[in-house]
Amino acid sequence: THSFKDRVVSVASACARDLGFEVLACASTGNLANAVAAQAAALGMQSFVFIPSDLEEQKILATGVYGTNVVAVNGNYDDVNRLCTELSGEHESWAFVNVNLRPYYAEGSKTLAYEIGEQLGWTTPDRVVAPIASGSLFTKIGKGFREFRELGLLTGEQPTMSGAQAVGCSPVAQAWEAGTDVCRPVKPDTIAKSLAIGNPADGPYAIDLAKATGGSIEAVTDDEIRAGIRLLAETTGIFTGTAGGTTTATLAKLAEQGAIDPDERVVLVITGDGLKTLDAVRGSFETHVIEPSYSAFEREFAGVA
Ligand SMILES: Cc1ncc(COP(=O)(O)O)c(C=O)c1O
């Protein structure tokens, strides 16, 4: 469903079935709802997805289409998460993939490390730049590399882990900057809605991992995120959403700071699709409108093409 969330939901939903749960559910910033709705449809399970009510329309449409119960909560993700934690206590046959099944869900992100290693000929990269919302993805990529190295399936050092957040929701980057692992909750205000978790469950572990591997956790502004989306699209042909824009902008920032050695092998983890966050690129380029004639084209592009 156009984000890495299909990986975590695949593992969680397989466990949900094994453990006898009847309903698949989640608290989501958008992409997870999309993945849960699709996976529940594929498995023939009933599902409930809970999202903040101000999500991008593209994400809501791409979720409701699977016949799930879309519950838009008037509040931010942290309000949604609190509600789902309460509901999971009352509905014992419901598998909230990222609440009561979170340990299984989290393991799904390790497949990103496995796949990166495979694509690099079963070696590790020097550095990985990845986004942080709850911090689960970031820490589990680190865990995936560690476990495959321990098993002898990957050769090379543990990669330096660089985390990416949006300034408008950067509790982990702020804690990093302050030299503490205590992430003080914030009220999110950023275009990177998929990363808008103000009270990140795995924030302290993300800080530990960045510290242990010689990395850092950075925050970039909404304008830098928009520029990051364009930079990735124009230089690779990959159209990512605001999370990927955050990650790309963080890589650009680290490169500008001289924090990355030019010889380093760096992997940028692009986790979502630009078609779900179209507003982020609206108005960022010009469309040439012309009459249907050769001369109109020549006039418009005189001296260019
Ligand atoms: C596209 C995308 N990238 C990254 C993340 C970060 O995930 P995590 O909560 O595991 O840090 C999310 C979370 O919703 C997401 O939707």
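Predicted model: local features only at pLDDT ≥ 70, side-chain atom pairs only at ≥ 80, totals over all residues.
Helix H9 lies across strands E6 and E7, running at about 115° to E7.

- Four strands form an open sheet, and going across it you meet them in the order E7-E6-E5-E8.
- The pairing in this sheet is parallel.
- At the edges sit strand E7 (216-220) and strand E8 (266-268), each of which pairs on one side only.
- From one strand to the next, the twist averages 20°.
- Strand E5 (residues 127-131) and E8 run parallel and are joined by three bridges.
- As a reminder, strands of a sheet pair through backbone hydrogen bonds, either parallel or antiparallel.

**Another helix on the sheet**
- Helix H8 (residues 171-178) packs on the sheet and touches strand E6 (160-166) and E7.
- The direction of H8 makes about 125° with that of E7.

**Where H7 meets H9**
- The axes of helix H7 (residues 136-150) and helix H9 (residues 203-212) come within 9 Å and cross at roughly 45°.
- H7 and H9 are therefore oblique to each other.
- The crossing in which H7 passes H9 is left-handed.
- On the H7 side, the contact is made by Phe138, Thr139 and Gly142, while H9 brings in Tyr205, Ala206, Leu209 and Ala210.
- Sorted by type, the residues of this H7 and H9 contact are five nonpolar, two polar and no charged.

Note on methods. Residues numbered from 1 in each chain as written. Heavy atoms only, no water. Axes fitted to C-alpha atoms, helices over the stretch in contact; angles between N-to-C directions. Helix = DSSP H or I, 4+ residues; strand = E, 2+ residues; numbered from the N terminus. Parallel < 35°, antiparallel > 145°, perpendicular 65-115°, else oblique. Left-handed = near helix turned anticlockwise from the far one by under 90°. Contact = heavy atoms within 4.5 Å. Nonpolar A, V, L, I, M, F, W, Y, C, P; charged D, E, K, R; others polar. Pairing = 2+ DSSP bridges.
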